[in-house]
Amino acid sequence: QLRVPATQRPPARARLRICAREIALARSRPQQASFQNLLPMRIDSLAAVGIGRVALVCESVGGARLQVELTARAVRELQLEAGQPVWLLLKALALLE
């Protein structure tokens, strides 16, 4: 379940496109963060999509699928690979637009 500001009522089901500055990915659950939505995910696949860019396809416990694009450097530094659990951090205000 996603948290949004009190002035908004999210639809039961939606397809979202979210700007990169509104999300982050973490290997472990953050204990204190300004991001209001912390979603446990699992990496299904990784694929190079350009010079220095990698696309990850992730799936949540509830079956929601998400494609995230990261720099190749971030993928290396976080040692991301298929099958690995990760946390998607999403700002609540990102859901207003």
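A nonpolar core here is a set of buried Ala, Val, Leu, Ile, Met, Phe, Trp, Tyr and Cys residues joined through side-chain atoms within 4.5 Å. Keep in mind that this is a predicted model.

Q: Which residues touch the most other members of the largest nonpolar core?
A: In general, nonpolar side chains in soluble globular proteins tend to be buried together. The largest core here has 14 residues. Those that touch the most other members are L25, L56, L70, L80 and V86.

Q: What is the bridge partner of L56 in β4?
A: β3 and β4 pair in the antiparallel sense over 7 bridges. Leaving out residues up to four places away in sequence, L56 touches L25, I43, S45, L46, L66, Q67, V68, L70, V75 and L80. The one in β4 that is bridged to L56 is V68.

Q: Which residue in the turn between β2 and β3 has a positive phi?
A: These two strands run antiparallel and are joined by 8 bridges. They make a hairpin with 2 residues between them. The turn residue with a positive phi, about 75 degrees, is G52.

Q: How many residues lie between β3 and β4 in their hairpin?
A: In the turn of this hairpin, G63 has a positive phi of about 95 degrees. The number of residues between β3 and β4 is 4.

Q: Is S60 buried or exposed?
A: S60 is in strand β3, where 6 of the 8 residues are buried. Setting aside residues up to four places away in sequence, S60 touches P40 and M41, and M41 is also its bridge partner. The cut-off for buried is under 20% relative accessible area. Because S60 has 18% relative accessibility, it counts as buried.

Q: Why does F35 count as buried?
A: F35 sits in the loop between β1 (23-26) and β2. Not counting residues up to four places away in sequence, it touches E22, I23, A24, L89, L90 and K91. F35 counts as buried because its relative accessibility is 18%.

Q: What separates the C-alpha atoms of F35 and I23?
A: Along the chain, F35 and I23 are 12 residues apart. I23 is also one of the residues F35 touches. Their C-alpha atoms are separated by 8.3 Å.

Terms used. Residues numbered from 1 in each chain as written. Predicted model: local features only at pLDDT ≥ 70, side-chain atom pairs only at ≥ 80, totals over all residues. Heavy atoms only, no water. Buried < 20%, exposed > 50% of the residue type's maximum accessible area, 1.4 Å probe, protein only. Contact = heavy atoms within 4.5 Å. Pairing = 2+ DSSP bridges.
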